[in-house]
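Student: I have a model open on my screen and would like to go through it with you residue by residue. Could you help me with that?

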Amino acid sequence: GTEGFPELNFTVDVQRNFINTLVSDLIPLAVVTFLLYGVLRTLGTKHERIALTGFSFTSVLGACSGLVFVILLGHIQLRNALAGQEITYLEWYYFIIYISLVLTTINAWMLIAEDPPAWVVWGDNRLARMAFWPVITTAIFLASAAYFFPRAEPAQAESAAARMRSHEARDRNAG
């Protein structure tokens with residue numbers, strides 16, 4: 001009675017429609033990032049730039065506040081759609097933009113200080129403008145690496161593989 005049993009097989013075909021995620025989450029994040037870079041480009045200490053761009057701390061604070069609300073609404077929409085407790089990969093993008101918004105506001109605040117640090121005023125805030133995209137892309141890379149690389153130690157992974165092989169051998173011998 002160990003042979004000839006009927007078998008029930010299932011075939012499941014799962015497809016993901018990524019266009020919805022691209023349009024509703026990634027494009028707004030990219031637009032906000034470019035707008036934030038535009039805000040950062042208006043910051044400076046030279047009077048010609050200030051006259052041209054109308055830089056003031058309150059204008060930067062207002063722009064960053066508006067961008068926070070845009071990002072916050074998108075993040076809430078994402079959390080409601082997923083209804084999970086864990087942090088998803090896409091949420092790391094939101095966290096990176098939150099931090100970028102705060103750092104841009106701090107940079108503007110440092111520029112209006114009575115005695116701003118030399119690295120802030122160097123080249124009319126050139127360091128912040130030059131570091132923006134490398135910092136953003138490095139943060140995205142680190143978030144991707146932290147999310148997708150295995151979390152188990154190599155020794156633990158080897159012991160788990162050895163346990164699996166021993167279970168498979170035991171099942172073959174029992175059958």
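Student: Let's start with His75; is His75 buried or exposed?

Tutor: His75 is buried, with a relative accessible area of 10%, where buried means under 20% relative accessible area, exposed over 50% and partly exposed in between, using a 1.4 Å probe and protein chains only. Before we go on, please keep in mind that this is a predicted model, in which local features need pLDDT of at least 70 and side-chain atom pairs count only at pLDDT 80 or more, while totals for chains, interfaces and linings use all residues. Residues are numbered from 1 along each chain as its sequence is written, and side-chain values use heavy atoms, with hydrogens and water left out.

Student: Okay, and where is His75 found?

Tutor: His75 is found in helix α3, which covers residues 57-82; helices (H or I, at least four residues) and strands (E, at least two) are DSSP runs, numbered from the N terminus.

Student: Which residues does His75 touch?

Tutor: Leaving aside residues up to four places away in sequence, His75 touches Glu91, Tyr94, Phe95 and Tyr98, where contact means heavy atoms within 4.5 Å. With Glu91 there is also a polar contact of 2.8 Å between the side chains. A polar contact is a pair of N or O atoms within 3.5 Å; within protein, one must be able to donate a hydrogen and the other to accept it, and residues adjacent in sequence count only if both atoms are side-chain atoms.

Student: Changing topic to pockets: what volume does the largest pocket have?

Tutor: Its volume is about 400 Å³. The search runs on a 1 Å grid over the protein atoms alone, where a cavity is a set of points where a 1.4 Å probe fits but cannot get out, a pocket is an open set with protein on both sides within 12 Å along at least five of seven lines, and lining residues have an atom within 4 Å of a point. Grid points are joined across faces, edges and corners, and a volume is the space filled by probe spheres set on the points.

Student: Which residues are closest to the centre of the largest pocket?

Tutor: Of the 17 residues that line the largest pocket, Leu103, Thr104, Ala128, Phe132 and Val135 are the closest to its centre. Helix α4 gives the most to this lining, with eight residues. The lining divides into 14 nonpolar, three polar and no charged residues, with Ala, Val, Leu, Ile, Met, Phe, Trp, Tyr, Cys and Pro counted as nonpolar, Asp, Glu, Lys and Arg as charged, and the others, Gly among them, as polar.

Student: How does the lining of the second largest pocket divide by class, and which elements give two or more residues to that lining?

Tutor: By class, the second largest pocket is lined by five nonpolar, six polar and two charged residues. The elements that give two or more residues to this lining are α1 (18-42), α3 and α4.

Student: Last one: what is phi of Asp124?

Tutor: Phi of Asp124 is near 60 degrees, a positive value in a residue other than glycine. Most residues other than glycine have a negative phi. Asp124 lies in the loop between α5 (118-121) and α6, and is buried at 5% relative accessible area.
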